[in-house]
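The entries follow in the order of the look-ups.

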Amino acid sequence: MAESQNIPAGSTASGGIAVAAESTVATRMSAEPSFDVADFPVPHGREEEWRFTPLERLGGLHDGSAEASGSLKAEIAAPDGVTVETVGRDDARVGRAGKPVDRVAAQAFSSFEKATVVTVPKESVLGEPIRVNLHGEGGVTYGHTVFELGAFAEAVIVIDHTGDGVRAANVEYVLGDGAKLTVVSVQDWDDTAVHCSQHNTLVGRDASFKSVVVTFGGDVVRLHPRVNYAGPGGEAELYGVFFTDNGQHQEHRLMVDHDSPHCRSNVAYKGALQGESAHAVWIGDVLIRKAAEGTDTYELNRNLVLTDGARVDSVPNLEIETGEIVGAGHASATGRFEDEQLFYLMARGIPEMEARRLVVRGFFAELVQQIGLPDLEERLIAKIDAELEASVA
């Protein structure tokens with residue numbers, strides 16, 4: 001079943017899209033954004049932002065019982081000219097991109113000991129990606145990382161999450177005017193890991209931000225990417241690929257806050273699910289504020305259910321406070337694996353397993369190609385193939 005709606009320039013919203021006289025984003029949360037964990041009530045699962053999340057599987061991240069007792073190995077490989085610093089929470093750069101919006105993110109902010117700040121100087125154009133490898137070695141860990149690009153700088157960041165543990169973190173991306181940043185965040189945890197993270201992005205005037213989130217591993221993964229604009233002319237592209245297997249819970253909750261005029265955003269997430277009790281959640285929130293005239297935005301979520309027993313919750317939300325926009329819309333669809341496609345390929349002599357692989361590869365190909373790094377694209381395609389092979393093993 002698909003739900004889609006487009007709003008042309010000069011129109012007001014109707015149907016499934018709410019027109020608000022003032023921002024209602026805060027009303028969907030149990031508390032206002034804050035750096036203090038005490039400002040958030042302990043969730044019980046009935047709150048709007050927690051109703052899909054299995055709280056009992058978060059390892060105590062939501063109720064304050066998860067004490068930092070674990071370890072995580074962090075390695076950062078940065079090209080020449082990039083600085084990597086370890087700072088305290090009193091550093092002015094920490095928290096600049098946004099505040100925590102739920103109790104877990106606030107717990108992570110209240111619990112980290114030192115933050116990491118990675119800075120790309122203004123007008124620097126990096127020839128190689130900044131690579132961050134985070135390997136969990138068990139137990140509970142908290143973290144905070146800030147990536148800051150100076151004006152007109154250009155960079156690619158690849159963040160790899162592997163290993164085991166219970167992890168809560170906040171990640172910030174701050175783009176100066178005219179900067180261009182591509183971030184690829186890969187969640188390839190062990191099957192027993194828990195990972196909750198809020199990603200705050202502040203896009204400068206005429207700056208460009210591209211995010212590619214790839215989620216495969218973990219018992220529970222709950223990511224919350226958020227985008228704000230520091231001036232007009234900014235653009236943000238948020239792409240995501242997830243493969244939810246038997247027993248896994250993968251949740252992606254996005255928020256794009258168009259608070260500046262003449263900015264653009266495009267959101268496209270695709271997921272495949274297989275196995276009994278596989279559960280994927282996608283929440284896409286876009287707010288166009290009264291001052292954000294000339295906004296152009298669209299959000300899309302597509303899900304492919306490969307086996308019985310899997311469940312998807314997909315909720316696109318679009319709120320508009322001004323009719324002076326270029327365009328806005330959203331679409332969401334979830335469907336079963338098409339037997340007709342499989343039959344078509346098998347009728348031409350392609351074995352069933354290879355035919356299934358080709359169909360799923362085709363489903364993901366458009367978004368995987370957004371990464372732009374051939375070695376990483378090949379690795380992710382191989383991971384998708386491995387997931388499919390495991391389902392019939």
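Entry 1: The model is predicted. I began with Tyr173 and listed its contacts, leaving out neighbours within four places in sequence. Tyr173 touches Ala97, Phe147, Ile159, Leu181, Val183, His199, Asn200, Thr201, Leu202 and Phe209. I then looked up its accessibility: Tyr173 has a relative value of 3%, so I noted it as buried.

**Entry 2: the cores.** I asked which residues have the most contacts inside the largest nonpolar core. They are Tyr173, Leu181 and Phe209, in a core of 47 residues. Strand β7 supplies the largest share of this core, with six residues. A second, separate core has 27 residues, and I noted Tyr239, Ala268, Ala272 and Val360 among them. As background, nonpolar side chains tend to be buried together in soluble globular proteins.

**Entry 3: aromatic pairs.** I searched the whole structure for aromatic pairs and got five. I took the pair of Phe35 and Phe109 to begin with: the ring centres are 4.6 Å apart and the planes stand at 35°, so I logged the pair as tilted. Stacked would have needed planes under 30 degrees apart, and edge-to-face over 60. Where do Phe35 and Phe109 lie in the chain? Phe35 is in the loop between β2 (18–19) and β3 (72–77), while Phe109 is in helix α1 (residues 103–111). The two are 74 residues apart, and the pair links distant parts of the chain.

Phe35 has 28% relative accessibility and counts as partly exposed. Phe109 is buried, at 10%.

Next I looked at Tyr173 again, now with Phe209. Their ring centres are 5.7 Å apart and their planes are at 35°, so this pair is tilted. Tyr173 belongs to strand β7 (residues 154–175) and Phe209 to strand β10 (residues 208–215), so the pair ties together parts 36 residues apart in sequence. Phe209 has a relative accessible area of 4% and is buried.

I also noted a cluster: ring pairs link Phe35, Phe109 and Phe112.

**Entry 4: charges over rings.** I looked for charged side chains over ring faces. Arg89 lies over the face of Phe112, at 4.2 Å from the ring centre. Arg222 lies over the face of Trp50, at 3.8 Å from the ring centre.

**Entry 5: salt bridges.** How many salt bridges does the structure hold? The count is 18. I wrote out three of them.

Arg57 pairs with Asp219, with the closest N and O atoms 2.8 Å apart. Arg57 sits in the loop between β2 and β3, and Asp219 in the loop between β10 and β11 (220–229), 162 residues apart. Both ends came out as partly exposed: Arg57 at 28% relative accessibility, Asp219 at 21%.

Arg222, already noted over Trp50, also forms a salt bridge with Glu251, at 3.5 Å between the closest N and O atoms. Arg222 is in strand β11 and Glu251 in strand β13 (residues 249–258), so the pair ties together parts 29 residues apart in sequence. Are Arg222 and Glu251 buried or exposed? Both are buried.

Arg264 and Glu237 meet in a salt bridge at 3.9 Å, N to O. Arg264 is in strand β14 (residues 264–273) and Glu237 in strand β12 (residues 235–244), 27 residues apart. Arg264 is partly exposed at 27% relative accessibility. Glu237, with a relative accessible area of 19%, is buried; the cut-off for buried is under 20%.

I then traced shared partners. Salt bridges join Asp102, Arg222, Glu251 and Arg253 into one network.

Entry 6: I finished with Glu299, in strand β16 (residues 296–305). Glu299 is buried, with a relative accessible area of 2%. What does the side chain of Glu299 reach at 3.4 Å? It is the backbone nitrogen of Asn317. Not counting residues up to four places away in sequence, Glu299 touches Val267, Trp282, Gly284, Asp285, Val286, Pro316, Asn317, Leu318, Gly329, His330 and Ala331.

Notes
Residues numbered from 1 in each chain as written. Predicted model: local features only at pLDDT ≥ 70, side-chain atom pairs only at ≥ 80, totals over all residues. Heavy atoms only, no water. Phe/Tyr/Trp six-rings, centres within 6.5 Å; stacked < 30°, edge-to-face > 60°. Helix = DSSP H or I, 4+ residues; strand = E, 2+ residues; numbered from the N terminus. Buried < 20%, exposed > 50% of the residue type's maximum accessible area, 1.4 Å probe, protein only. Lys NZ or Arg CZ within 6 Å of the ring centre and 35° of its normal. Polar contact = N/O pair within 3.5 Å; in protein donor to acceptor, adjacent residues only side chain to side chain. Contact = heavy atoms within 4.5 Å. Core = buried A, V, L, I, M, F, W, Y, C linked by side-chain atoms within 4.5 Å. Salt bridge = Lys/Arg side-chain N within 4 Å of Asp/Glu carboxyl O.
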